[in-house]
Amino acid sequence: MTIAKTAEIAGAGLAGLITAVALAKRGWKVRVHDRYPSLRVEGFGISLFENSLRTLEAVGVYEQAVREANWMRFSEYRIEGVASEKRAINRPAFRVSRRLLTGALADEAVRSGVEIVYDSTIVGADPAGALIDKDGRRFEAELIVGADGLNSAVRKTLDIATHRSDFEEGAMRFIVRREPEDMSDADAGTAVEWWSGNRRVIFSPCSLTEHYLALTCLADDVTGRQVPIDVASWSKAFPEIAYVFERARDEVDWSRIMWSNFAAVKPAQWSRGRVALVGDAAHAMPPNLGQGGGTALMNGLSLAVSVSARGPIDALLRDWERRERPLTNHTQRFSVIYLRIARLPAKLQAAIFWLFTNFGPVRNQLFRTANHWPVGAVDRVEAKPLPIPVIARQAAGLD
Ligand SMILES: Cc1cc2nc3c(=O)[nH]c(=O)nc-3n(C[C@H](O)[C@H](O)[C@H](O)COP(=O)(O)OP(=O)(O)OC[C@H]3O[C@@H](n4cnc5c(N)ncnc54)[C@H](O)[C@@H]3O)c2cc1C
């Protein structure tokens, strides 16, 4: 017999931590297991749009998570040899260091009474209500959550038919030191997607001291996917930002960096019995819309809302999936369509980006997830505008 309102969660990433905090705030006793010896302080940045920000606000970590964020007030696609234009982003959007985001969620989890157990490798789950670790120990609870990422061990043991796609495009991500003279505040506030043939680069500040870089190329670009980076080759493709590749060569701990191809997973269902899958374990997608983490956060919060209603857990989990899955499917679909752009000639790429930027119906589809109001967030009618952190206001010249 399981104890009411107890949850065991595999994975202390974005999905696991938000689910844990949201459950704890609804009176659940929660334990999170992660296979690493400490919180994984990933050296990356992440883009957060209003859907993600409202989710963080709902669990009380918004201000902490975005305190050093880079406020993206404009967006721009910059293709080698093609003129480009900036476009204002009219809703809040930030680029944030994952170190600060994950840390803020973990701190709030602990403050809310969540137990986080490190060095705890989960090998599977029992739909009757248990997580199972590598030593065969069973952690029983009313709710079991597999938030253990793309290669989820929990998903694999649930015997749910899963469609997985591994794509030819992939990326390596890292952080380099940010210096005040690197770029003006105006430039820092523009989310530029740099394109050169099949390659593209995201490069922008994500905290007061860090720049985030994501270098994307196709699997058959052997030089492009080389780790450590081939500075000459990337500098030739993106001469305007060559200095940052040089800085990366000297500073990055390359033993921790990998080039990985993008992947998507689509299990036939997101739950079985008392076990739910959430985040990349349930709906990994290529990162093209900046919504893998966004959907992980939203679905983690709404999972906690759903299972806190009255009724048998398995039925509540099916209701949760029925409500959330259409938007997640849409997000996955569009993030996959975007992959095709890499193989197109520059002029066609530019025409597509013009459509993304200027043609309402296409833009609305691309930003549908970003503009979605998450279940569990503060009521839309009563919501106040999200406060912009002091540092971001100063950088924008507002204070
Ligand atoms: C290049 C790139 C750029 C991206 N950019 C963005 C972006 O800008 N915005 C955005 O929203 N999303 C972005 N994403 C997607 C986002 O990173 C993921 O969707 C998100 O991190 C998924 O969170 P998660 O918690 O589900 O999984 P993960 O972050 O993978 O966390 C899983 C956790 O489970 C633990 N774990 C795994 N296996 C076990 C086990 N067997 N036992 C115990 N613990 C285990 C891991 O240690 C980890 O802590 C990007 C992805 C990539 C690849």
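Reply: A residue is called buried under 20% relative accessible area, exposed over 50% and partly exposed in between, using a 1.4 Å probe and protein chains only. Asp 182 is buried because its relative accessible area is 13%. This model is predicted, so local features need pLDDT of at least 70 and side-chain atom pairs 80 or more, while totals for chains, interfaces and linings use all residues. Numbering starts from 1 along each chain as its sequence is written, and side-chain values use heavy atoms, without hydrogens and water.

Asp 182 sits in the loop that joins strand 13 to helix 6 (185–188); helices (H or I, at least four residues) and strands (E, at least two) are DSSP runs counted from the N terminus. Tyr 243 is 61 residues from Asp 182 in sequence, with 9.1 Å between their C-alpha atoms.

Now to the ligand. Polar contacts here are N or O pairs within 3.5 Å. Oxygen atoms of the ligand lie 2.6 Å from a polar side-chain atom of Asp 34 and 2.5 Å from one of Arg 98. The protein buries 89% of the 1000 Å² that the ligand exposes when taken alone (Shrake-Rupley areas, 1.4 Å probe).

On to the rings. Phe, Tyr and Trp rings pair when their centres lie within 6.5 Å, with planes under 30 degrees apart called stacked, over 60 edge-to-face and the rest tilted. The count is twelve aromatic pairs. One of them, Trp 234 with Phe 245, is tilted, at 6.3 Å between centres and 50° between planes. Trp 234 belongs to helix 7 (residues 231–237) and Phe 245 to helix 8 (residues 242–251), eleven residues apart. Both Trp 234 and Phe 245 are buried. Elsewhere, ring pairs join Tyr 77, Trp 195, Tyr 338, Phe 353 and Phe 356 into a cluster.

Technical notes
A polar contact is a pair of N or O atoms within 3.5 Å; within protein, one must be able to donate a hydrogen and the other to accept it, and residues adjacent in sequence count only if both atoms are side-chain atoms. Rings of Phe, Tyr and Trp (its six-membered ring) pair if their centres lie within 6.5 Å; planes under 30 degrees apart count as stacked, over 60 as edge-to-face and the rest as tilted.
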